[in-house]
Each structure stands twice: as C-alpha cells, then as structure tokens.
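Biologist: Please take a close look at one part of this model for me. I would like the interface between the two chains, described step by step.

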Number of protein chains: 2
Amino acid sequence: VPPATDLALAVEPLRQLLGADSVSTNAADLLPYLEDERGAFHGRAHVLVQPASTDAVARLLAYCSEHAIGIVPQGGNTGYCGAGTPFSDAHILLKLDRMNRVRELSKTNFTMTAETGVTLQRVKDEALAAGLDFPLSLGSQGSCQLGGVLSTNAGGLNALRYGVARDLVLGLEVVLPDGRVLNRAQGLRKDNTGYRWCDLFLGAEGTLGVITAASIKLMPLLQGRATALLAFATLSGASAGLLHFRQACDDSVVAFELLTQGSIDLATALGQGSRLPVSAESGLMVLVEVAADTSERATERLEAALQPAMEQGLVIDGALASSLSQRESLWRFREDVPEAEKRAGGSIKHDVSLPVQHLEAFVNETVDRLRAFEGARLSVFGHLGDGNLHFNVLAPAGADAQQWRHHNGSAVTETVLAAVAEFGGSFSAEHGIGVSKLDELERYRSDELGLMQALKAVFDPLGIMNPGKVLR
Amino acid sequence: VPPATDLALAVEPLRQLLGADSVSTNAADLLPYLEDERGAFHGRAHVLVQPASTDAVARLLAYCSEHAIGIVPQGGNTGYCGAGTPFSDAHILLKLDRMNRVRELSKTNFTMTAETGVTLQRVKDEALAAGLDFPLSLGSQGSCQLGGVLSTNAGGLNALRYGVARDLVLGLEVVLPDGRVLNRAQGLRKDNTGYRWCDLFLGAEGTLGVITAASIKLMPLLQGRATALLAFATLSGASAGLLHFRQACDDSVVAFELLTQGSIDLATALGQGSRLPVSAESGLMVLVEVAADTSERATERLEAALQPAMEQGLVIDGALASSLSQRESLWRFREDVPEAEKRAGGSIKHDVSLPVQHLEAFVNETVDRLRAFEGARLSVFGHLGDGNLHFNVLAPAGADAQQWRHHNGSAVTETVLAAVAEFGGSFSAEHGIGVSKLDELERYRSDELGLMQALKAVFDPLGIMNPGKVLR
C-alpha cells in the first residue's frame, strides 16, 4: 500500500480532474453530511466531492487508488448503521446527488435504468407516471437514494410480495476502485454469462466500489388497496393468519405488519393521535393490506378472506378500513411507533429476522430472558410477513432512559442476539452492518469472515472504499 | 499446486473416507452420465462418487484439495452447455442423487429447505402437497435437480411473473473446495449481514464449490389457469401486448410465449399433431397464460383484457382455450418446436435475451444479415415476457442439414451474436456457459473476465471445481 497522501494536497489535482465545482472544502457544504438523519453518528471530513457522471466517478476512483486515499460514498444519509458517515479527515466524502438522471424507462421491458443519486420517491414517481410501479417502499423514500437503497439491500414494507432490493435489480453499472467501469445495466431479465459479480454490490454498503446506475424491475400498477387491522390470540395464530390471507387473497397481500402491546401503548400515548379501532387481550395486532387493480376488488378479496378467518376463530377481532382516511390512520399509527420510542427516551434497537415458524418460540424465550432486566419495556413490531422484527427494549417507566440504556445496552443486545442465533435468525435483517454491527458480524458470521475479506480484497485491494465499514 | 495424483490411487482412500458404496469405478455405473441428455457432449471419467450427506461431500472435497484432484459435479444431466459432463479421466464425477431429502417445509414461512439432488418435479410436488407452489417450470423438471437448477440459474416459462432461479433462493448451504461447509439456508427473507457470497454460486455451474442444500421461496398456490393464443401484426405489437395483458390482468400473467412462422411451420409439419386454432399473415403468435385461484376467475380476467385488445386492433386474432384439452394442445404445440427442429435435421441454436423494446429491431436486422446464408430457415420462439428468444437457424430445405451446419455454424452464430451485442443483449440467456460458450464469454464479457477469474481464485485457488467450465 502506498503511503496516504495528505488530503490537502489532493484538492487541486481533484479540481483539475473533476472540475472546480465538483470539489469543496467548505465546512458549511460538508456539515449536513457529517451527521446522519437520526443523529446517531457524528463524523468528520473536510473534502467533499460531487461528481456528475460515471466518467467523473471513474477519474476520482483512479486518482484515489493511485494515491491510496479512502472514499466514503453517501446516499441520502438515512442509513441506521453509520455506513455513509465519514469518520476520518483523511477520507473523501463522495456525494452522488448530481448523478440523478433516469436514463431509460421502457414500459414493454418493465424496467427503468436510473443513476445512483435519484431518490427512491422519484423512482416511484417516474414509474407511476408511466403507469407502472416500483414497489419498494421505505419510510425514508423521500430522501434515500437508489445507490444507497441497493448498497444496503433495503427491504421495507412490501418485501413479502415483491422481495427486497436485491430481488428488484436486473443489473448494475459500477465503478471499481481502480477506476474501471463495468456496465451490466442493460435491463435483461435473463443473462447467464458467468459469475454475477454485481450481485455482491447489493448489500456491500459501498465497500467494493461505487454503484453509478442500476437497471431495476417495474411492475404492473395495482392502484387499489384494502387495509384491515386484525387481532390474533397468539403469535403462532398470526403466522397462521399470514398463510391464510396470502392464500385466500390470490397472492395479493402486500403488507402484513405486526404490532404488539408495548408498541401499541407507546404509539397510543406518544404518537400523533391515531387510535386503533380494535383491541384485544393478547395485544397482538396485524395490519394487513391487499392490492388489486381497483379498491373494490381488493376489498372484496380481503373481506372474503376475513370472514372464514373470524368464523374459525383464527382472527379474534378485525376492522376493515372503510375510507382512505381510516386507512391512513392505521398506517400513521404504525409509523408512529419509532417516533414514540424516541419520545419515550429512546430504545435499544434490534432489527432481526427469523424463520416465521420460530417467531413465537423466539419471542417467548427472549421475553423470558429479559426478565433479568427488571422493569424493561418492550416494543416489538415489524414485517411479520418477512419474519422481520424490530425488537426494541426501553428503560423502565420513570427511569433515566439514557443512563439505563448506557448501563444495560450491551447486555440486553447480547441477550436478544444470542436468542436470535439459537432460533436460526439474523442479527441484521434490513439495516446492514455499517460501523455499528462489526462486532456482531465477527461473532455470528465468524465462519464466513475470511471469505468476505478475500472478496473485499478482489475488488478493493488497497482498501480505499468506505474504510472500516462492514469489515474492520 | 501439488502434483495431480494418479486417480486410481485415490479410489481406496475415498472408499475408506466415504464408504465403499459411495465410490464406483464400474464402467456400467458411469456410462449414463458420460453423455448429456441431448447427446451433444461425449465425456469420459472412470471414478464415480455418490456421497449421501453434506459431511461426506466435505470429506471428499477436502481430500481432492489435498491431492489436487478435479471434480465435476453433475445434476440431472439435462444442461445444454456441457457444464455437467466430465471430460478427463483425471477428474472425479460427482453425482448428488443420494442427497435427496427435503429437510424442512414451512407453510407459514413459505419456504422449503431441500438437498441438492431433489428433482425439480419433486420440489414442485412437495410444495403442492402442502398447498403451496414452487413456480419455476422447465421442460426437464422431471429429471433436473435442484443443485443443477440453481447452479445454472435456470429460468423457464414463468420467469416473467416469478423471476429466475436466483430470485427464488433465500440462501444456500455449500461446501467450499477445501471442505469447509457454510450454511446460509435458514430460510430468512431478510438478512443483511455482510457480502452475499452465496449469490455467486447461482449460475456458477459448479465451478466455485458444491451447493449441498438450498432454502427456496414458496408461493401461494394459484390453481386456476386461462390460456389463449393471440396473433399480432408485428413484434412491437406483441411487445405492446405484453404491457397491455400484464397490466389489464392484475399482474397475473404467468407466461407470454412467442412463436414465429418458422417455428409454427416446423411444429405443424413435424410435431405430434397439435394444430393452432388461429392463423395470421404475420405468423406472430403468442401463448398467454393467466393464473388465479380458480380457472373461472383467470378466464374472466383474460377475457376482459382480450376484448379491448381486439377492438383496438392490437391483437389481430385470438382464441381462448375453452377446455383443459385445448389448453394442453396449445402447450403441446409450443413444446413440439424443439423436437420438430431435431426431426428437421437439427438447428444452430442461440439462446439470447434482449431488452424487450429492442426485440423487433434486433430480429429485423438479424433476419436481414442472415440473407447471406441463402435458403437458411429460421425458428424463432421463446419467452417474450423476459426478452428471451431461442433464435435457431436451420439448413435450407433439401440440404444435408448436418453438413450445412458444419460449414455455416460458426459464421451464422457470429452473425446472430454480433447483432445481439449491438442491441444490448446477452449471448446466453438461460443456458449458461459450460464448455460450449467459453469463446463467447471471452469475447463479449472481456472487460469482466479478470474479475471473474479473481473471484474463482478466492473460492477455488487450486482450480479443482469443474475444471475448464465457465472459465478456461
């Protein structure tokens, strides 16, 4: 590895190479990107580069390779694990906002080829304007960018029906750390021509190279929705409900979101005022949503599926949203949960996934083990249809939340994640590794670590791409 | 690389290691596996190993690594590119038929975890017995095996709606060439914990290690089908038809199969006697199939979509199959095409894919260029919904077909594949590389070749896995 250049010496050459307006050392320009959206990570950097084309990215990376300069690519800055935050003045912060062209949208091919800096909302809007759908839906879709969505293999609400980001990608254009451009973003649905190296970039969090464009799948647009809130007696009942509704609704269930009592209590007390129209002793609620071409058809299906489920006692209570405002109110309640946790003083968060058939045993066992943390409150919610739980733990009512988390955070997390591993689950379902789950990756994927390091070395032998993220 | 052992010396140690019944040198045992199902490749080998467990595969590979012995894994022996055929007496032929357990099927998780030697038909049957669907459908499903299906990233008929093999895999258990076992086949829909190395095995044709088990997605079962034959005036009209039917049928089109005049003539003359109920001057026919929970509902949707398409002149003629036997007759006609080509003396085959919006221009241009081969006949058919054409070229009527192919094969293929590349397509959509497309990979993916070789070296530094396949 050549010696690291003093980054200040690189500014002029980079301006020559990329254009003066693509390189900034102005603290005010950098400031918004040094802290993530949630305010969880506080970074540092004093060189910001904003290339506007693949070719410019290639020139930048070739220069950085030659001079062994680290680069931290950042999308919409909405990630939860610090992958996009720069932590060293020796590294360049790479923003890709200016690479925001939709290069091609083909209706008959059901594809869009878009550049990395396009926001997810714009991808969805452009698809909609063509009468099609890009079904990936995230809370952060207004600001997160395609490159970040793919680099973190985002999942979100509709993965149950449409898969995660990986499932929606046909191919990528990437720049390798040495400046080579490889383009497999032609929009081909079938292409078996050697190793699918570009799949490795999905979820690699910018550590292998830079995704500059992607060819993604669009879907026929199903504009109708029907939404219901369902109460179940047990978590295994809710899992059986997942099977029932997916089958009975003709494979058109697009969301199956779990809420448990702790989350419901928080959102009721500290949310924006939405109320759930159903209550149940079990505290187990599911927000189910069905898609069809019209709302009438979606409603007809959901009603037809709901009736036998209630007659058989599988669903113990249920309410179908009968207006758009009722539907929005249900979703607002669901979306209030993370905000309510924050207002309650914050939570120790775990974004885990399990095989659905083991969810109940996992939750029971983990709740039992957490009794060691007296008075700790739980907020468990998430995408039941994908086995993805946000298993969050809050301080006892009345305790100093921050202090409690500081004292108990590691032990709580160890308790939860040990149980996840025992039940065959994943310690990071949606959010990735970044810098915050390096220990967990080393602990729970120790047998794969050597292989991951060797793959990293193939793409990025000098270690210039997003140093210290995913792998130490 | 240690010197290659004389393979005869390895037989006794392998019997000790794996059990006497797992190792055979009997020519009669080997014979059925030395030639592929189509009879296109003629191989050689004199040691056959048939392990029954992941642990036995691990012991085998560790031994082969230690002694630098090449291994050729073979699934159901139905591939089209020779990837599963052993070509050297110095290599061990690895059959995985005995690894045929379905380890787990979870209805609520919508997953099956099955071993590599299970046939695709059995995977589908076990899903069906549980009231669910594994939607991958191939002509060879009665004999092809899960490991081979995944190692070739097979596509088939329903990729339009459900994706290719890659899209249906949640995780793999693999044995690396050094004997290490890595298991990511827990059935997790969301798992963002480092690089998805197991994605690289999908389509790697057994050159990186051995897939011993996979966790695959199951779908709600849609038992109803409606099938129609549609005539279009032009290929771009058929592409517009794809858009129309996918949208108007509520995202439930599961097949959109193109037939052109050459293929229709062949199957009419040399097929099993099915006849098409529609004819058109253009010779452009599409077999469209819609799925729903009941056939009535599927038919209702397809009829509702067909009516405006005919009124607007998009579809110039159409016939809805009104009975199961009519439906079967349509599909039999489609399936007769490859067989009819064989009876006509064989064809120069090209399994290509293109962005759907470029299909018409590609076909027109290629047909034009092929006029240089006087009298050559075309059989163009395939999965229009995926942009996947089987673009096959036959000798002129009356010519000695074999001789004609021998003289013109390379030039015809070069003409077709050059056009494919110009229109942004892939020279191998479904069938992979094996040994028969090594030249094309080197030619059309030259910029990726170094990366592919480096990835191969990470997994298989000694080059013992399926030597000479995919990469020389």
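Modeller: What follows is a walk across the interface, seen from chain B. The model is predicted. Start with the extent. In chain B, 90 residues are in contact with 90 residues of chain A. Together the two chains bury about 7500 Å². Carbon and sulfur atoms account for 54% of that area. On the chain B side, B:Lys190, B:Asn192 and B:Tyr195 lose the most area to chain A. Together they make up 14% of what that side buries.

The rule finds 16 salt bridges between chain B and chain A. B:Lys190 forms a salt bridge with A:Glu430. The closest N and O atoms of this pair are 2.8 Å apart. B:Lys190 is also one of the three residues named above for lost area. Polar contacts across the interface join 52 residue pairs, counting pairs with both residues at pLDDT 80 or more.

Now the elements. Each of these supplies at least two residues to the side of chain B that touches chain A: β5 (102–106), α6 (159–162), β9 (181–183), α7 (235–248), α9 (295–311) and α14 (446–459), all of chain B. α14(B) gives the most, with nine residues.

By class, the side of chain B that touches chain A has 37 nonpolar, 28 polar and 25 charged residues.

Conventions: Residues numbered from 1 in each chain as written. Chains lettered and ligands numbered in written order. Predicted model: local features only at pLDDT ≥ 70, side-chain atom pairs only at ≥ 80, totals over all residues. Heavy atoms only, no water. Contact = heavy atoms within 4.5 Å. Buried area = accessible area lost by both parts, 1.4 Å probe. Salt bridge = Lys/Arg side-chain N within 4 Å of Asp/Glu carboxyl O. Polar contact = N/O pair within 3.5 Å; in protein donor to acceptor, adjacent residues only side chain to side chain. Helix = DSSP H or I, 4+ residues; strand = E, 2+ residues; numbered from the N terminus. Nonpolar A, V, L, I, M, F, W, Y, C, P; charged D, E, K, R; others polar.
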